Amino acid sequence: MEEGRFLQWGVFRSLLAILQWWGFNVTVIIINKWIFQKLDFKFPLTVSCIHFICSSIGAYLVIKVLKLKPLIAVDPEDRWKRIFPMSFVFCINIVLGNVSLRYIPVSFMQTIKSFTPATTVFLQWLVWRRYFDRRIWASLVPIVGGILLTSITELSFNMFGFCAALFGCLATSTKTILAESLLHGYKFDSINTVYYMAPFATVILGLPALLLEGNGVVDWFHMHPAPWAAIAIIFSSGVLAFCLNFSIFYVIHSTTAVTFNVAGNLKVAVAVLISWLIFRNPISGLNSVGCAITLLGCTFYGYVRHMLSQQPPGTPRTPRTPRNKMELLPLVNNDKLDDKV
């Protein structure tokens, strides 16, 4: 009886964690698209900077004031040698995501983001010369094929938005690769990641946002019929963006790796469906098929990675002995933190 109740509570907790993660993630995406499209606030650098400011304040409150999460101490020298380069890539990743969201539909942008596993594997193989099992390479085929089909059949295709989303995948992959070398020895969760990186990202992006978009923001403020209400919506997206990071921390500790992978791909499908219901961007049948193939490919890729990670040492097809010191660096598992906004 006790075991049954405990199991039911565990399932309910996992379901609740996934639902609130989906809610925050989809809401942030939809609000950002609404800001660019409906509020006519076409300033992705400024939106990203506001998100970083809200995340910096939120992480400080959670760790320092409310003490809901212990602070992971980082050596002051490491903050500049390790955290700052990571923050720079983190900043580029978020900015490119918002830039792509301005020019292409949510459905197309989310599908392209699913290309990240392929770019990560390819860069690790190309830059680090890391070995990957043939099954990993095979699992990437439907992802690449689905992205190609989606791109070719996208009715609202925009080259600039497409390139921004694609380079955003490369930035996410680069962040993962850098984390393996720069953050070894530190076990960051999503809240501590934001605590250290968001302030750096704010400083990095603040001046470019002011120089490139400052005058445009002032003109928009004077011309918009309800500027203060619009600003409240923009800052609320920043608050929700931080809440998304907190929800990631909760869902990681409430689900297994396989559940997280499947839920993550279903989340993309939910975001695509809700965005279509709200913005009514045209989607062809082949485009939907391409999106579905991509998501199934991502699920299969996650399953293959999980199965290979369960193999005991010495199992056939286990990665070979590293050939140099770079391959001996311990890895930091940041797969579950790539969903930060």
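Visitor: Quick one on R280: buried or exposed?
Guide: R280 counts as exposed, at 53% relative accessibility (exposed is over 50% relative accessible area, buried under 20%, partly exposed in between, with a 1.4 Å probe and protein chains only). This is a predicted model, where local features need pLDDT of at least 70 and side-chain atom pairs count only at pLDDT 80 or more, while totals for chains, interfaces and linings use all residues. Residues are numbered from 1 along each chain as its sequence is written, and side-chain values use heavy atoms, leaving out hydrogens and water.

Visitor: Where does R280 sit?
Guide: In the loop between α10 (257–279) and α11 (285–309); helices here are DSSP runs of H or I with at least four residues, numbered from the N terminus.

Visitor: And what's up with R280's phi?
Guide: R280 has a positive phi of about 55°, though it isn't a glycine. Most residues other than glycine have a negative phi.

Visitor: OK, what about the phi of K67?
Guide: Also not a glycine, K67 has a positive phi of about 55°. You'll find K67 in the loop linking α2 (44–65) and α3 (76–103), and its 62% relative accessibility makes it exposed.

Visitor: Which helix holds I53?
Guide: Helix α2. I53 is partly exposed, because its relative accessible area is 35%.

Visitor: Switching to Q20: what does its side chain reach?
Guide: The backbone oxygen of A17, at 2.8 Å. Q20 belongs to helix α1 (residues 2–37).

Visitor: What is Q20 in contact with beyond its sequence neighbours?
Guide: Setting aside neighbours within four places in sequence, Q20 is in contact with S247, Y250 and V251 (contact means heavy atoms within 4.5 Å).

How values were computed:
Helices (H or I, at least four residues) and strands (E, at least two) are DSSP runs, numbered from the N terminus. A polar contact is a pair of N or O atoms within 3.5 Å; within protein, one must be able to donate a hydrogen and the other to accept it, and residues adjacent in sequence count only if both atoms are side-chain atoms.
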